[in-house]
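These are my notebook entries on one chain. I list what I looked up, entry by entry.

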Amino acid sequence: MNAFLDVLVQILSQPSILVALIALVGLLLQRKAAADLMKGTVKTFVGFLVLSAGAGVVVASLDPFGRMFSEVFGVQGVVPNNEAIVGPVLQEYGTVAALIFFFGMILNVVLARLTRFKYIYLSGHVALYQSAMIAVILMVAGFSPVAAVIWGSIAEAVITTVSPAVVQPFMRRVTGNDKVALGHTGGFGIALSGLVAKATGGDPEKSTEKLSVPRSLGFVRDSTIVVALSMGLIFVVVALVAGPAYVQAEISDGQNYLLWAVMSAGQFAAGVFIILAGVRVILAEIVPAFKGISEKVVPNAKPALDVPITFTFAPNAVMVGFFSSLVAGILGMAVMGFAGSAVIIPGIVAHFMTGGASGVIGNAVGGRRGAVLGSFANGLLITVVPLLLLPVLGEIGTANSTFGDSDYGVIGLYLGWLGMAGGQLLIVAGIVAAVLALFGASAIMGRRQQRRAAEAETVAV
């Protein structure tokens, strides 16, 4: 049984396989010809592998940069890295986490079918990480493994249903339609960026993608060149501060430190280029394939896809968002250092992924100002959240890494603080309340939609 479960979780936690299977089901429900089935399924599978390969290239260039960054600032502390923290969690609570993940995905589809929140969460890897965190919190609170799986699955389903819904009003501004959603554990922080961009009154017409530059600098209109040049400057400056002795001994395996910095920046730009290519393939295949699921299984269903899905819509905003989010993380780190608390070292990958998406969202809502201020707000949030999470994670919270994205804070602090205040009973009551609130919000949305339809009919008459 454990072997079967392990294989099943491995399959479902691979976004490329999961999304390819969803595309296959959608095409089968539309009774497409065998050739169309093969084309849609394989291209979706390969498209996600291309995206994952690009993300891997980006992470490979950012990881050593993160170590160099810590050396430059002379700090040691807790690094918000989801992959690093999930390892020890799965060693101790692997079976519970896997079952929460599996049943949580099923319940996500059930909630999408029964409510007006029609979002099917397809980012299996981050959903698994979130399930691992929920498993830790419930087991630390004293739940039995069976009870932890039952209540954890419900909690996982609620957060994976709500998170895309929170971001969707802003995703519509980005994409110009309502066909695709964002499914990522940074959803609440990315939605915050949209709210901040709206509140600060930026002009969407003053977009990061419409920067006016002299004709002689027209090459910077190419997003690949902008990424390579900007990251090249940052890598070189940080490498200069870290010094050749440290970089060549600890980071570059003896390669000249400036050459390593330039090559790493180019590798980063290549990774972003690959990500954008993969996203284009996925959007071209998964949205039409999802029509079958929308019509047959979950009417009006929307695929909630990983954060790079936003990058093609405003590549310049991705870099603006990354830098602004990272600056917020550095400032937050400095404040923690002065305050004498645990120091959260900025997670470079988290700031790139969620900061980049926040920049795209902020730009769509409030132009360049919105991109800067919105992603800055996201950066502050993902700096504070990991610090607040530490006390609710038990012994796991004493490790040198922790969960880094905003949604971990939303569901983790909700369950953790309930557990600290009232134990298992209050956690169960809180989960039930969340489910009731979800259905209540769905009912309110339904009544508003009926009212608008009736008003439109009256006007037409």
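Is Tyr 408 buried or exposed? I found that Tyr 408 is buried, with a relative accessible area of 0%. I use "buried" for under 20% relative accessible area, "exposed" for over 50% and "partly exposed" for what lies in between (1.4 Å probe, protein chains only).

**Basis of the entries**

I note that this is a predicted model, in which local features need pLDDT of at least 70 and side-chain atom pairs count only at pLDDT 80 or more, while totals for chains, interfaces and linings use all residues. Residues are numbered from 1 along each chain as its sequence is written, and side-chain values use heavy atoms, with hydrogens and water left out.

**Whole chain**

I looked up the secondary structure and found 13 helices and five strands in the chain. Helices (H or I, at least four residues) and strands (E, at least two) are DSSP runs, numbered from the N terminus. Of the 461 residues, 51% count as buried. I then looked up contacts, meaning heavy atoms within 4.5 Å. Among contacts between residues at least 6 apart in sequence, 81% join residues at least 24 apart.

**Aromatic rings**

I searched the whole structure for aromatic pairs and recorded eight. For the terms, rings of Phe, Tyr and Trp (its six-membered ring) pair if their centres lie within 6.5 Å; planes under 30 degrees apart count as stacked, over 60 as edge-to-face and the rest as tilted. Phe 322 is buried at a relative accessible area of 1%, whereas Phe 323 is partly exposed at 24%. A tilted pair is also formed by Phe 403 and Tyr 408, with 5.1 Å from centre to centre and 40° between the planes. Phe 403 is buried, its relative accessible area being 0%. I also noted one aromatic cluster, formed by Phe 268, Phe 311, Phe 322, Phe 323 and Phe 352.

**Helix 9**

Which residues of helix 9 (residues 244-251) are buried? I found Tyr 246, Val 247 and Ile 251 to be buried there. They cover an arc of only 95° around the axis, which puts them on the same side of helix 9; the arc is that of the directions from the helix axis to the C-beta atoms. On the other side of helix 9, Ala 245 and Ala 249 are exposed. As background, an α-helix has 3.6 residues a turn, so residues three or four places apart point the same way. Asp 253 follows helix 9 and has a positive phi, near 55°.

**Helix 12 and its partners**

I looked up how helix 6 (residues 145-175) meets helix 12 (residues 348-389): their axes come within 9 Å and cross at roughly 70°. Axes are lines fitted to C-alpha atoms, for helices over the stretch in contact, and angles run from 0 to 180 degrees between N-to-C directions. Helix 6 and helix 12 are therefore roughly perpendicular to each other. Angles under 35 degrees count as roughly parallel, over 145 as roughly antiparallel, 65 to 115 as roughly perpendicular and the rest as oblique. Val 167, Phe 170, Met 171, Arg 173 and Val 174 in helix 6 meet Val 360, Ile 361, Ala 364 and Val 365 in helix 12. By class, the residues of this contact are eight nonpolar, no polar and one charged. Ala, Val, Leu, Ile, Met, Phe, Trp, Tyr, Cys and Pro count as nonpolar, Asp, Glu, Lys and Arg as charged, and the others, Gly among them, as polar.

The axes of helix 11 (residues 315-339) and helix 12 come within 8 Å and cross at roughly 40°. I therefore recorded helix 11 and helix 12 as oblique to each other. Their contact has 21 nonpolar, 14 polar and no charged residues.

**Loops**

Where does Arg 31 lie? I located Arg 31 in the loop between helix 2 (15-29) and helix 3 (34-73). Arg 31 is not a glycine, yet has a positive phi of about 55°, and counts as exposed at 77% relative accessibility.

Leu 393 is in the loop between helix 12 and strand 5 (401-402). Leu 393 is buried, with a relative accessible area of 1%. Leaving out residues up to four places away in sequence, Leu 393 touches Met 133, Val 136, Ile 137, Val 140, Thr 402 and Phe 403.
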